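Reader: I would like a close look at a single part of this protein, followed by how the rest of the chain is laid out. Please keep it plain.

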Amino acid sequence: MLVMLVFGVIACLRVAQLQVIQGFLYRKLADENRFFTRYVPASRGIFLDRNHLVLVHNTPQYKVATQETFGRAYPEFVEISEREALDQLARNEKNVLIDQKRTYPFGAALSPVLGYVGDASAEELVAHAEYYGGESVGKVGLERVLQSHLSGRSGKEIYEMHATGKLLRQVSREPAVKGTD
């Protein structure tokens, strides 16, 4: 009887500790786990010559975070087809990113000046708080020098998730702002 009473008191103290003392912490962790943020890339500005001939333009690119890195602060992305991206988005997959690929009509002829873009590296993500995993950023040339003007401002959509990972509803949406041409 005494043993049951001691275990009962210990159980009550433990419940009080979890509910009263640490309840705020666990509530905060649950709320952070309940919401999912999907970044919406801004349309990158294009280069035009003095006669308004397009030197570089954007085409849609679909990426998915690899299973091994999804959920990390800096996930790795691989390119997928438009059909695969739309199928995954229809199933409320959270690891799909719709981005843009740069197309250079003059190819290598202007590449020393224009440069190129690539996914933001882990070092760039740490150095620039405004970048997110999978974002295309200028690596060399004018693409890098004019990065802040060309990139615009990414938007974001915040969703509430079910415990199973299914997206329930959109909580807020901040539209992307196009970069300067």
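Author: Lys 139 lies in strand β7, which covers residues 136-140. The model is a predicted one. In it, the Lys 139 side chain comes to 3.0 Å from the backbone oxygen of Asp 119. Leaving aside residues up to four places away in sequence, Lys 139 touches Tyr 116, Val 117, Gly 118, Asp 119, Ala 120, Ser 121, Glu 124 and Arg 144.

Elsewhere in the chain, three strands make an open sheet, ordered β1-β8-β9, with antiparallel pairing. β1 (35-40) and β9 (167-174) are the edge strands; each has a single partner, so one side of each has no neighbour in the sheet. On average, neighbouring strands here are turned by 25° against each other, direction ignored. Between β8 (residues 155-161) and β9 there are six bridges. Glu 157 has Arg 173, in β9, as its bridge partner.

As for the whole, the protein chain contains seven helices and nine strands. Its radius of gyration is 23 Å, well over the 16 Å given by the globule rule for 181 residues, so the chain is more spread out than a compact globule. The C-alpha trace spans about 90 × 35 × 30 Å along its principal axes. Of the 181 residues, 31% count as buried. The chain exposes about 12000 Å², and carbon and sulfur atoms supply 59% of that area.

Definitions and conventions:
Residues numbered from 1 in each chain as written. Predicted model: local features only at pLDDT ≥ 70, side-chain atom pairs only at ≥ 80, totals over all residues. Heavy atoms only, no water. Pairing = 2+ DSSP bridges. Helix = DSSP H or I, 4+ residues; strand = E, 2+ residues; numbered from the N terminus. Axes fitted to C-alpha atoms, helices over the stretch in contact; angles between N-to-C directions. Polar contact = N/O pair within 3.5 Å; in protein donor to acceptor, adjacent residues only side chain to side chain. Contact = heavy atoms within 4.5 Å. Rg over C-alpha atoms; globule rule 2.2 N^0.38 Å. Buried < 20%, exposed > 50% of the residue type's maximum accessible area, 1.4 Å probe, protein only. Areas by Shrake-Rupley, 256 points an atom, 1.4 Å probe, with all protein chains shown as cover.
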